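Here's a protein chain to explore. Take a look at the sequence and the model, then read on for a short tour.

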Amino acid sequence: MDFRSWAGLFALGSVWGSSFFFFEIALGAFGPLTVALLRVLVATAVLYAAMLLSKASLPRDRSFWLAIAAMGVLNNAIPFALIAWAQTSIDSGLASILNATTPIFSMILAVFLVRQETLTANRTVGLVLGLAGVVVLIGPDTVSPLGADPASQALVLLAALSYANAAIFARRFLIGNHALATSFGQVLTATVALAPLALIFERPFLATPGPETWAAIAAIGAFGTALAYPLYFVLLRRTGATNLMLVTLINPIVAVLLGVFVLSERPAWTTFAGMALILLGLSAIDGRLIGWLRRRST
């Protein structure tokens with residue numbers, strides 16, 4: 001990959017990594033469904049304004065809107081709600097590390113379900129290391145110090161599985177569409193999906209959020225979603241799905257650092273051990289780890 005692609009990956013990883021931090025703040029005033037709804041609602045408004053300024057147009061064919069509706073559910077509504085729900089019980093750093101299993105799920109789906117890729121030695125090693133990292137994270141030692149429970153951690157893993165399905169789906173059905181129009185369409189459909197659930201089950205109009213909460217919502221909607229997803233689709237076209245997965249190497253680092261230094265979170269040793277195993281697994285899947293070891297041995 002060239003310098004611009006790497007710069008895009010680091011930018012995307014930084015804004016997505018900070019999203020877990022902003023979730024933690026917003027959940028102090030709103031329920032998880034409401035936080036997920038407000039995130040996509042802000043993103044919808046920002047992206048609509050961007051479309052007006054750029055004079056971009058939306059495709060009108062039915063196949064695009066069917067695909068974009070599925071993408072909005074898989075890539076926004078389901079994972080945003082699940083992660084927010086999980087973060088009512090676990091800290092932002094742990095949630096971001098568990099979310100870093102997304103490319104592992106993508107590899108499993110690509111190899112065994114849709115058969116788009118083959119199971120190489122690199123990917124086998126990466127899969128074993130990644131799954132070992134998940135086992136370390138959700139082990140009994142993790143539960144007590146952080147007050148985390150396996151059910152909440154499982155919600156983040158389900159969100160990662162949803163992201164993985166979305167990446168494979170986008171590669172097959174949305175790769176040729178305009179990034180801005182695709183991003184707007186998916187957050188619009190996610191807003192439609194989440195609005196009735198949040199209004200019925202959480203009644204957000206009864207909440208009394210302060211300026212800090214609204215600032216967190218604005219940041220996660222404008223930067224963590226509206227800015228992030230056009231960049232996501234550009235990078236998907238430019239680097240391919242496999243290289244795009246490397247963005248998850250950056251997310252946990254940003255989220256853990258923000259959690260430690262701003263929210264005063266105290267990750268257990270298992271958090272760092274699990275993160276290390278998952279990062280090694282991702283490096284192996286990408287091929288860099290095994291290539292480096294081979295060069296060292298020669």
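Leu257 counts as partly exposed because its relative accessibility is 46%. (Buried means under 20% relative accessible area, exposed means over 50%, and partly exposed is in between, with a 1.4 Å probe and protein chains only.) Leu257 sits in helix H11, residues 251-261. Helices here are DSSP runs of H or I with at least four residues, strands are runs of E with at least two, and both are numbered from the N terminus.

## What you're looking at

This is a predicted model, where local features need pLDDT of at least 70 and side-chain atom pairs need 80 or more, while totals for chains, interfaces and linings use all residues. Residues are numbered from 1 along each chain as its sequence is written, and side-chain values use heavy atoms, leaving out hydrogens and water.

The chain has 13 helices and 0 strands. Of its 298 residues, 52% count as buried. Its accessible surface is about 13,400 Å², and 69% of that belongs to carbon and sulfur atoms. Those areas come from the Shrake-Rupley method with a 1.4 Å probe; for residues, only the protein chains shown count as cover.

Now head inside. Ala43 lies in helix H2 (residues 32-54), and it counts as buried because its relative accessibility is 0%. Thr225 belongs to helix H10 (residues 211-244) and is buried too, with a relative accessible area of 0%.

Setting aside residues up to four places away in sequence, Ala43 touches Val187, Gly221, Thr225 and Ala226. (Contact means heavy atoms within 4.5 Å.) With the neighbours within four places left out, Thr225 has contacts including Arg39, Phe80 and Pro230.

## A helix with a kink

Helix H3 covers residues 62-86, and its 25 residues should span 36 Å at 1.5 Å a residue; the end C-alpha atoms are 35 Å apart, which agrees. (The expected span is 1.5 Å times one less than the number of residues.) H3 also has a kink of about 35°, centred on Val73. The bend at a residue is the angle between axes fitted to the seven residues ending there and the seven starting there.
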